[in-house]
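Welcome! Please take a moment to look over the sequence and the model before reading on.

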Amino acid sequence: MNKQKLPSLLWGSMIIAGTAIGAGMLANPTAMSGIWFIGSVVMLLFTWFYTVVAGLMLLEANLHFPEGANFNTMVTKLLGKGWNIANGLAVTFTLYILTYAYITSGGGITERLLLQFVPQLELSHSGSSILFCFVLALFISISTRAVSRLSTLLIGGMIIAFFLSTTGLLSSVKASVLFDTPAQEDPSYILYLFSALPMCLVSFGYHVCLPSLVSYYHKNSQLVIKSILIGTGIAFFIYVLWQMAVQGNLPHEAFAPVIAKGGDVAALLNALSAYIPTQAISVVLDFFAYMAIASSFLGVTLGLFDYIADLFHFGNSLWGRIKTTLITFLPPLLMSLLYPYGFVTAIAYAGVAVSFSSIMISALMVRSSRKKFPQATTYRTFGGIPLIYFMIAMGVLNIVVQLVVSR
């Protein structure tokens, strides 16, 4: 009897890496400027560990259901309708807050690029945000196929621009800047360390695609586990390179104007350009940041667009898609015009929602599934009950930290 041929491990790993790596990485150097490079690496490694555990727990819960079961089915069956409604609200909040974050920084980089290449246009930050949102929203409103075509171009360009820009930046890294670590005995160091938690979490937010991956590999747990480890390992490696490239060139004191503008990516690039050896690297870096934000914007808003259309039963007619487009893009666009410099803060608040929907919910579902299916032994996450409560505690800690820091 012939066994069914399963897809390559490469594609699953790329799905995980592609979902995790996004524009959120652009906020990491600013968000972790208080703990600098060594602290950033430690924090990224710690976040990698518990987000991998969350993925393994989600896999364990998912294996008790037929192929194709999504979060809605699993959360309802294992935790109840109340938890499912709360999880749906958390996911919706995440999508809206990320859309706002990407419009704010996308507008800033659009303004910066227009100033370099079309200086006579003189478009303001607000006008640039509207332009950025309108052009990309047009692709979303046309069709998923249009989005896939544009996303392919953006991601391809982003990969090329990333390696070109980071190679140039890494060649100019100064050890005295990179290892100029803040004093760990300083009481504020602990505050900075904890405040980086929600930000790091968003950088490893791949869990939304895991049910699809379980179906993709026909519930072969070993291939899913290897995909998680390889995909998140690639993301970790890229984040460390990016931290090194930025924090090895831009001194502590140069982050002050960036922080004053809420971690706006355009402000970060502007500050970094003064320390880059050649103007060409600066231009390539601008394009990398723009394509990273634009591709993340398309991925997030496509999910939000489909969710809104399904929620309100708008249909696929021209009027239906217009209504869906307005509800999808108008609220975050208005927010970006009122609060144009909230990129890092918005990403951190997205981390709060991800703490609930990806970390806590995964742990709670595993606890429930072990009670409902005590004899099922297809796969069981290591660590037992203590690890489940550790994960719940991590979810609560992320939420509490962000609420305290934002006051």
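Here is a short tour of a few helices and a core.

## About the model

This is a predicted model, in which local features need pLDDT of at least 70, side-chain atom pairs count only at pLDDT 80 or more, and totals for chains, interfaces and linings use all residues. Residues are numbered from 1 along each chain as its sequence is written, and side-chain values use heavy atoms, with hydrogens and water left out.

## Where H4 meets H5

Helices here are DSSP runs (H or I, at least four residues), numbered from the N terminus. Helix H4 (residues 71–79) and helix H5 (residues 81–117) have axes that come within 7 Å and cross at roughly 145 degrees; the axes are lines fitted to C-alpha atoms over the stretch in contact, with angles from 0 to 180 degrees between N-to-C directions. From H4, the contact (heavy atoms within 4.5 Å) involves Phe71, Asn72, Val75, Thr76 and Leu79, while H5 supplies Lys81, Trp83, Asn84 and Asn87.

## Helix H6

Helix H6 (residues 125–142) has 18 residues, which at 1.5 Å a residue should span 26 Å, and this agrees with its end C-alpha atoms being 26 Å apart. The expected span is 1.5 Å times one less than the number of residues.

## The largest nonpolar core

The largest nonpolar core has 132 residues; such a core is a set of buried Ala, Val, Leu, Ile, Met, Phe, Trp, Tyr and Cys residues joined through side-chain atoms within 4.5 Å. Helix H17 (residues 343–372) gives the most to this core, with 16 residues.

Ile347 is one of the members touching the most others. Leaving aside residues up to four places away in sequence, Ile347 touches Gly24, Ala27, Leu98, Ala101, Tyr102, Met199 and Val202.

Conventions. Helices (H or I, at least four residues) and strands (E, at least two) are DSSP runs, numbered from the N terminus. Buried means under 20% relative accessible area, exposed over 50%, partly exposed in between (1.4 Å probe, protein chains only).
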